[in-house]
Amino acid sequence: MSTNTLLSFLEKYFEGLTLSPALFYSWKYSIRFEISDPLISSHEKDCLNQAFHRSITLFHRVFEEGDEILFITDVHTTNKDRFLQKRPLNVYLKYIKDKQRLYQLNHHCLPSVFQDEDEDDDQSLTHRYVLSCKKTELRYAQLLKVKGY
């Protein structure tokens, strides 16, 4: 999927939305789900199990087998870091079943999505990776279990 296709998709279904943190607060129609009990420490096994169960349940309710999924990953770096332009992220190697699909992975360098419009910081970049795939082409259960940083 090209950048134009991603932008067309966003414009068609999410007019005026820009993919940037915190996405939840950037869109007038948002639903927020607690995926774990806030009273349980996030490092406890019960909390992690509950978060996984709720995440996988939401995923199954949102996506049917034949649905197209845009698997988008943003990585924030400095201009000096050229490594990501040469090697795709391991997240795609680990969680895409058919490695041939990786030839369709699109990489785009953007100004940092964290930077304010008033800032002039040309040191930061956002590397955006986009892959269009089906639910059945993802190892989504393993992906949803990955602990974020």
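Visitor: Which strand gives the largest share of the lining of the largest pocket?

Guide: This is a predicted model, where local features need pLDDT of at least 70 and side-chain atom pairs pLDDT 80 or more, while totals for chains, interfaces and linings use all residues. Residues are numbered from 1 along each chain as its sequence is written, and side-chain values use heavy atoms, without hydrogens and water. A pocket is an open set of 1 Å grid points that fit a 1.4 Å probe, with protein on both sides within 12 Å along at least five of seven lines, and lining residues have an atom within 4 Å of a point. Among the elements that supply at least two lining residues are α1 (3–13), α2 (45–62) and β1 (68–78), and the largest share, 8 residues, comes from β1.

Visitor: How many residues line that largest pocket?

Guide: Leu 23, Leu 70, Phe 71, Ile 72 and Leu 144 are the lining residues nearest its centre. Two of the contributing elements are the helices α4 (90–95) and α5 (140–145). The whole lining comes to 43 residues.

Visitor: How many helices and strands does the protein chain have?

Guide: Helices (H or I, at least four residues) and strands (E, at least two) are DSSP runs numbered from the N terminus. Along the sequence, the protein chain reads α-α-β-α-α-β-β-α. That gives 5 helices and 3 strands.

Visitor: Is Arg 128 buried or exposed?

Guide: Arg 128 sits in strand β3, opposite His 108. Most of β3 (residues 124–134) is covered, with 9 of its 11 residues buried. Buried means under 20% relative accessible area, exposed over 50%, and partly exposed in between, using a 1.4 Å probe and protein chains only. Because its relative accessible area is 10%, Arg 128 counts as buried.

Visitor: Which side chain makes a polar contact with the side chain of Arg 128?

Guide: A polar contact is a donor and acceptor pair of N or O atoms within 3.5 Å, and sequence neighbours count only if both atoms are side-chain atoms. The Arg 128 side chain reaches the backbone oxygen of Leu 19 at 3.0 Å. Its side-chain partner, at 2.8 Å, is Asp 74.

Note on methods. Pairing = 2+ DSSP bridges.
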